[in-house]
Each structure stands twice: as C-alpha cells, then as structure tokens.
Amino acid sequence: MGQPPEPEQPPSPYEPPPGGGQPQYGQPYGQQPGEPEQPTYGQPSYEHPGQPPHGQQWGQQPPYAPQTPYGQYGPPTGQGGGRGTNVLAVLSLVFAFVFAPAGIALGHLAKRQLRTSGEDGEQLATWGLILSYVFTGLILLACCGWLALVIWAGSDSANT
C-alpha cells in the first residue's frame with residue numbers, strides 16, 4: 001500500500017542549500033536565486049551600510065510615532081531624563097513678590113531638597129532667595145523709616 005506523501009519542510013538555515021551552491025551576495029542563506037524573500041519574524045534584518053533601510057527609499061520621511069488617544073498622557077518628554085522642576089523653588093520665586101519672608105523660607109527648603117533629589121530649579125531657588133532678601137530688606141527699611149518719621153513728628157509737636 002502507498003504511504004501518504006511526507007510534508008515538505010522549509011530549508012534549514014544550518015544546512016547547505018540544495019544544489020550545493022553558495023548563496024549569492026545579499027541573499028539570505030538557504031534562499032535560491034529567483035525565490036521570493038521569506039519574511040523573518042523576530043529576527044534582526046541585516047542591512048548593508050550606505051543602503052536605505054529595507055522598505056524605505058531615500059528622501060522619504062520615516063513613519064511618525066503613533067499619537068496617544070484623547071484624554072491619555074503620552075510618554076514623558078524632555079531632556080532631563082524625567083527630572084522635573086522643584087515646586088518649592090518655583091514657589092520661592094513667586095512668594096518673593098507676594099510675601100517675601102515666606103519666599104526666604106521656601107527658598108532655603110528648596111535648596112535643601114535640590115541637594116538630594118537631583119531635580120531642576122537651582123537657579124529659581126537662588127533668584128527666589130535673592131529677591132526675597134532684597135524685598136524683605138526694603139520693607140524693613142521702609143518700616144524703620146516710617147517709625148522714625150512718626151517718632152520725630154510726635155516729638156516735634158510735643159516741644160511746641
């Protein structure tokens with residue numbers, strides 16, 4: 001009786017191609033000349049230097065990255081490798097103009113955090129401290145001047 005025909009196996013990449021010939025330059029091993037190229041899934045594609053990538057012609061732009069759907073956050077961007085700006089440093093600069101003594105406290109706290117966290121914001125904290133100290137000094141000078149004026153005006157009216 002006849003046996004069923006044996007299913008045809010694809011050529012092994014470890015055995016020489018049938019016919020005993022060597023593969024031609026640029027042709028995958030085990031592929032005969034004139035045969036269509038088989039897709040290789042999970043294997044790296046080897047390209048020749050100076051040649052455009054497989055499936056892409058010179059002068060064409062590479063495909064764009066997929067857009068994130070509405071309402072979802074995409075991957076973080078930026079050059080700091082995900083480092084953000086220290087919030088206390090920003091608040092120090094803001095409070096320098098709003099309430100300078102709070103800007104001084106926030107600036108010193110921000111400097112302490114920046115030494116250990118590796119975040120950005122060193123210049124913000126420094127400028128927040130400088131401006132807070134300057135504005136605090138000006139406010140204290142104005143208060144002392146006003147107090148001296150009140151004392152001088154009060155003493156002048158007592159003498160007359």
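Author: Take a helix and count its residues. Its expected span is 1.5 Å times one less than that number. Keep this rule for helix H1. The model here is predicted.

Reader: How many residues has H1, and what distance does H1 reach from its first C-alpha to its last?

Author: H1 holds 12 residues. From first to last C-alpha it reaches 16 Å, close to the expected 16 Å.

Reader: Let me step back to the chain. How many helices and strands does the protein chain have?

Author: There are 3 helices and 0 strands. Along the sequence the pattern reads α-α-α. H1 covers residues 87–98. H3 covers residues 122–159.

Reader: What share of the protein chain's residues is buried?

Author: The cut-off for buried is under 20% relative accessible area. Buried residues make up 14% of the 160 residues. The protein chain exposes about 13,900 Å², and carbon and sulfur atoms supply 61% of that area.

Reader: Back to H1. Which residues of H1 are buried?

Author: They are Leu-88, Ala-89, Ser-92 and Ala-96. Look down the axis of H1: these buried residues fall within an arc of 105 degrees, so they line one face of the helix. On the other side, Val-87, Phe-97 and Val-98 are exposed.

Reader: What caps the N-terminal end of H1?

Author: Asn-86 does. One of its side-chain oxygens lies 2.8 Å from the backbone nitrogen of Leu-88.

Reader: Now a single residue. Is Ser-92 buried or exposed?

Author: Ser-92 counts as buried because its relative accessibility is 0%, and the cut-off is under 20%.

Reader: Which residues does Ser-92 touch, beyond those up to four places away in sequence?

Author: Ser-92 touches Gly-103, Leu-106, Gly-107, Ala-125, Gly-128, Leu-129 and Ser-132. Pick out Gly-103 first. Its backbone oxygen lies 3.1 Å from a polar atom of the Ser-92 side chain. For a C-alpha distance, take Leu-109. Ser-92 and Leu-109 are 17 residues apart in sequence, and their C-alpha atoms are 9.1 Å apart in space.

Reader: Ser-132 is on that list. Where is the place of Ser-132?

Author: Ser-132 sits in helix H3. Ser-132 is buried too, because its relative accessible area is 0%. The Ser-132 side chain has a polar atom 2.7 Å from the backbone oxygen of Gly-128.

Reader: What does Ser-132 touch, not counting residues up to four places away in sequence?

Author: Ser-92, Ala-96, Ala-100, Gly-103 and Ile-104.

Reader: What share of the contacts with a separation of 6 or more comes from residues 24 or more positions apart?

Author: For the protein chain, that share is 48%.

Reader: Next, rings. How many aromatic pairs does a search of the whole structure find?

Author: The search finds 1 aromatic pair. Phe-97 and Phe-135 form it, with ring centres 5.5 Å apart and 55 degrees between the planes. Planes under 30 degrees apart would count as stacked and over 60 as edge-to-face, so this pair is tilted. The pair links distant parts of the chain: Phe-97 lies in H1 and Phe-135 in H3, 38 residues apart.

Definitions and conventions. Residues are numbered from 1 along each chain as its sequence is written. This is a predicted model: local features need pLDDT of at least 70, side-chain atom pairs count only at pLDDT 80 or more; totals for chains, interfaces and linings use all residues. Side-chain values use heavy atoms; hydrogens and water are left out. Helices (H or I, at least four residues) and strands (E, at least two) are DSSP runs, numbered from the N terminus. Buried means under 20% relative accessible area, exposed over 50%, partly exposed in between (1.4 Å probe, protein chains only). Contact means heavy atoms within 4.5 Å. A polar contact is a pair of N or O atoms within 3.5 Å; within protein, one must be able to donate a hydrogen and the other to accept it, and residues adjacent in sequence count only if both atoms are side-chain atoms. The arc is that of the directions from the helix axis to the C-beta atoms. Rings of Phe, Tyr and Trp (its six-membered ring) pair if their centres lie within 6.5 Å; planes under 30 degrees apart count as stacked, over 60 as edge-to-face and the rest as tilted. Accessible areas come from the Shrake-Rupley method with a 1.4 Å probe; for residues, only the protein chains shown count as cover.
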